[in-house]
Amino acid sequence: MNRPDPDNGCAQPVTLFQISKEQLMRKLLKYGIALSFGAAFASAAHADVTVAVVGPMTGPYAAYGEQMKTGADQWAADINKAGGLLGQKVVVDARDDGCDPEKAVTVAGELATEKVAIVIGHFCSGASIPASRVYATENIVQISPASTNPKFTDERPGVGVMRVAGRDDQQGQIAGEFLAWRFRDQNVAVIDDGSAYGKGLADETRRFMNEAGKTEVLSATFENGQTDFSELVSKLKTANADAVYVGGYFPEAALIVKAMRVQGMKTVLVSGDTFAADAYWDAAGDAAEGTLFTFSPDPRRGPDASSVVAEFKAGGVDPEGYVLFAYGALQAWAQAVDNADTVEFGPVVDALQKGTFRSVLGDFHFDDKGDVNLPSFVIYEWKDGSYDYYVASR
């Protein structure tokens with residue numbers, strides 16, 4: 001939400017119900033708007049509260065953006081059914097960043113000129129990190145339901161930048177120590193897509209695996225959008241890799257695991273939280289059988305989510321992956337808004353920093369860096385077209 005100084009000459013949109021009567025007088029006079037205070041505030045009283053959801057809505061990673069939007073849409077429907085937020089209707093504005101850093105900054109700049117109360121996003125860390133600088137400058141709350149790179153909060157540019165997802169140093173520890181144990185007598189390779197998320201997660205996983213006494217037989221990098229993995233898979237085959245850890249997203253990993261099966265390899269593919277999507281199985285088919293990955297404890301199974309999950313399923317939706325994380329992020333923000341009795345940035349951020357929030361993710365609070373205190377990561381396994389908690393067989 002853009003709140004320019006009333007005298008700085010920037011004729012940009014402002015949310016009228018967030019400013020004082022004196023500030024409004026100056027703005028109305030400056031912009032030549034012939035309205036009475038009563039008319040202005042009557043109009044403001046009926047203004048919508050706009051919630052932006054930003055992520056990959058198109059392209060190969062669109063499944064993630066759809067998960068986030070699904071969660072936000074259901075939250076908005078639920079809160080509007082209950083009377084709205086501070087008596088106002090909530091609307092969801094979904095924007096596409098394609099997981100591209102430059103596009104993410106462009107979208108953030110567009111939202112800064114509009115009546116946006118909060119941004120739920122972005123999905124990819126490589127998009128969230130540069131966009132967060134725009135939101136911090138413009139005093140817009142940003143809560144990511146998915147970005148896990150530690151730099152997102154370790155180097156956050158402002159107090160309004162937060163996340164309800166875990167961190168890759170937490171995820172990497174679980175994955176690295178698991179690899180060192182599960183494949184202790186076998187060969188492990190580590191590859192990544194070079195992105196902020198993929199490389200960051202692979203580096204953390206490798207570090208903890210090495211500290212646990214396991215050294216990889218091969219490290220390699222591929223590119224986002226790459227479609228031919230025959231050369232990389234040949235290297236994995238030559239290295240006799242029994243397991244390959246992939247730091248990246250499911251579209252490329254699906255091609256990698258299929259290429260391994262074509263070459264007769266039984267290598268186990270292991271990866272991170274972005275594999276909590278049915279789209280991975282849709283892309284890889286039976287080749288995905290046995291894939292292992294880390295993700296937060298499934299919020300669908302928590303008692304705090306039961307009624308909302310039932311509501312989703314009644315509508316034919318399985319709230320997989322990041323659906324409930326988007327929903328839970330908005331629950332926390334709405335409670336902070338209620339506590340502050342305004343959607344204005346300062347009071348809401350203060351309430352977010354001080355509060356404990358009831359959500360579909362369980363009760364949680366944010367620490368002084370904007371990280372959440374929810375449980376860390378567990379291991380999942382893909383079997384017969386769905387994923388579930390991994391059960392050790394050795």
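**A guided reading of the predicted model**

The side chains of Glu216 and Asn210 are joined by a polar contact of 3.1 Å; a polar contact is a pair of N or O atoms within 3.5 Å, where within protein one atom must be able to donate a hydrogen and the other to accept it, and residues adjacent in sequence count only if both atoms are side-chain atoms. The structure is a predicted model, in which local features need pLDDT of at least 70 and side-chain atom pairs count only at pLDDT 80 or more, while totals for chains, interfaces and linings use all residues. Residues are numbered from 1 along each chain as its sequence is written, and side-chain values use heavy atoms, with hydrogens and water left out.

Glu216 lies in the loop between H8 and strand S7 (218-221). Helices (H or I, at least four residues) and strands (E, at least two) are DSSP runs, numbered from the N terminus. The side chain of Glu216 also makes a polar contact of 3.5 Å with the side chain of Ser219. Residues up to four places away in sequence aside, Glu216 touches Val188, Val190, Arg206, Met209 and Asn210, where contact means heavy atoms within 4.5 Å. Val188 stands 28 residues from Glu216 in sequence, yet their C-alpha atoms are 5.1 Å apart in space.

The whole chain gives the setting for such contacts. Its secondary structure comes to 14 helices and 12 strands. Among the contacts with a separation of 6 or more, 66% are between residues 24 or more positions apart. The chain has 394 residues, of which 55% count as buried; buried means under 20% relative accessible area, exposed over 50%, and partly exposed in between (1.4 Å probe, protein chains only).

Two residues illustrate burial. Ser195 is placed in the loop between strand S6 (188-192) and helix H8 (196-211), and it counts as buried because its relative accessibility is 16%. The side chain of Ser195 has a polar contact of 2.7 Å with the side chain of Asp193, and it reaches the backbone nitrogen of Gly198 at 2.8 Å. Beyond residues up to four places away in sequence, Ser195 touches Gly200, Asn224 and Tyr249. Gly65, in helix H3 (residues 62-81), has a relative accessibility of 0% and therefore counts as buried. Leaving aside neighbours within four places in sequence, Gly65 is in contact with Pro56 and Met57. Gly65 and His122 are 57 residues apart in sequence, with 8.8 Å between their C-alpha atoms.

The reader may now turn to the packing of helices. The axes of helix H12 (residues 306-314) and helix H13 (residues 323-340) come within 12 Å and cross at roughly 125°. Axes are lines fitted to C-alpha atoms, for helices over the stretch in contact, and angles run from 0 to 180 degrees between N-to-C directions. H12 and H13 are therefore oblique to each other; angles under 35 degrees count as roughly parallel, over 145 as roughly antiparallel, 65 to 115 as roughly perpendicular and the rest as oblique. Val308, Val309 and Phe312 in H12 meet Val323, Leu324 and Tyr327 in H13.

H13 also meets helix H14 (residues 345-354): their axes come within 8 Å and cross at roughly 115°. In this contact, H13 contributes Ala332, Trp333, Ala336, Val337, Asn339 and Ala340, and H14 contributes Pro347, Val348, Ala351 and Leu352.
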